[in-house]
Amino acid sequence: MLYYFAQLNLKLLLVIIVFGMIMSKTRQIASQNFSKKASGYYIMDFFNLVGTPVHEFGHLFFGLLFGYHIDKICLYRSTKKAMRHGGALGFVKMHHKRETLFQQLTGDAGQFFIGIGPLLLGPATILLIGHFLPDNLKALPSAFQDGAQIFLKALQQLSGTDIIIMFVYLYIIIGISLNMELSRQDLHLAWKGLFLLELFFFMLSASAFLFQWDLNIAINLLFQWNLLISSVGIICSLMANLIALI
């Protein structure tokens, strides 16, 4: 039982929190570097235009899922305007009724998922959009794994429309990845709901022990997915830092 409980915390929870904090820090440094350049704000706005709304929808989706009432939404504002309002590019203000025990539990549990919402909805959005890509573009990842020659051959088979779609998709990936970072407010909100998440992990581990469930496959699959998406987010943030320094 303790084995599964430790695995859930190390491979799922720790990855989300640690990589979220790293992405937040690298994104903050990139923003500071871009702000020193005359055209820096326009570059940030270019990528924030798609990434910021997805980030805020991450909070909004889980807020609605856990029964929160939405008070006010701002899905996007320019970097210069955001700096005049505390630096937030967008926000979702919400509240939850706590008249019954069930409402209190759902409200507390929802805080964790609302806080890390961008880390969950961002990758899901990228995956969903990728599902509608042309077949030639869907074949590129497997062609890349088969070697450079096969990958180059697959690239040569792309039409002009495929190339345009590919660059648009890359823009979406970079924009969403750069905005998956968790702000201080997001982390603070997530910590509030951490106790109930730990309770859920404990109950799941106990059930797996009692009923002889094998959770290793599901845990490892989620771990690999979280690691992949978090790595993409950090790489995009580091690339943004390099561009800002040029």
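H59 has a relative accessibility of 6%, so the residue counts as buried, the cut-off being under 20%. Before going further, note that this is a predicted model.

H59 belongs to helix 2, which covers residues 40-65. What does H59 touch, leaving out residues up to four places away in sequence? The list is V92, M94, I114, G115, P118 and D186. I also have one distance for this residue. G175 is 116 residues from H59 along the chain, and their C-alpha atoms are 17 Å apart.

Two of those contacts, I114 and G115, take us to helix 4, residues 101-115. Helix 4 has 15 residues. From the first C-alpha to the last, helix 4 reaches 22 Å, close to the 21 Å expected at 1.5 Å a residue. Which residues of helix 4 are buried? They are T106, G107, A109, G110, Q111, F112, I114 and G115.

Next is helix 5, residues 117-131, where L119 lies. Is L119 buried or exposed? L119 counts as buried, because its relative accessibility is 12% and the limit is under 20%. With residues up to four places away in sequence again set aside, L119 touches I16, G20, M23, M180 and L182. For L119 the distance I have is to L2: the two are 117 residues apart along the chain, with 27 Å between their C-alpha atoms.

To recap, H59 in helix 2 is buried at 6%, and L119 in helix 5 is buried at 12%.

Note on methods: Residues numbered from 1 in each chain as written. Predicted model: local features only at pLDDT ≥ 70, side-chain atom pairs only at ≥ 80, totals over all residues. Heavy atoms only, no water. Helix = DSSP H or I, 4+ residues; strand = E, 2+ residues; numbered from the N terminus. Expected span 1.5 Å × (residues − 1). Buried < 20%, exposed > 50% of the residue type's maximum accessible area, 1.4 Å probe, protein only. Contact = heavy atoms within 4.5 Å.
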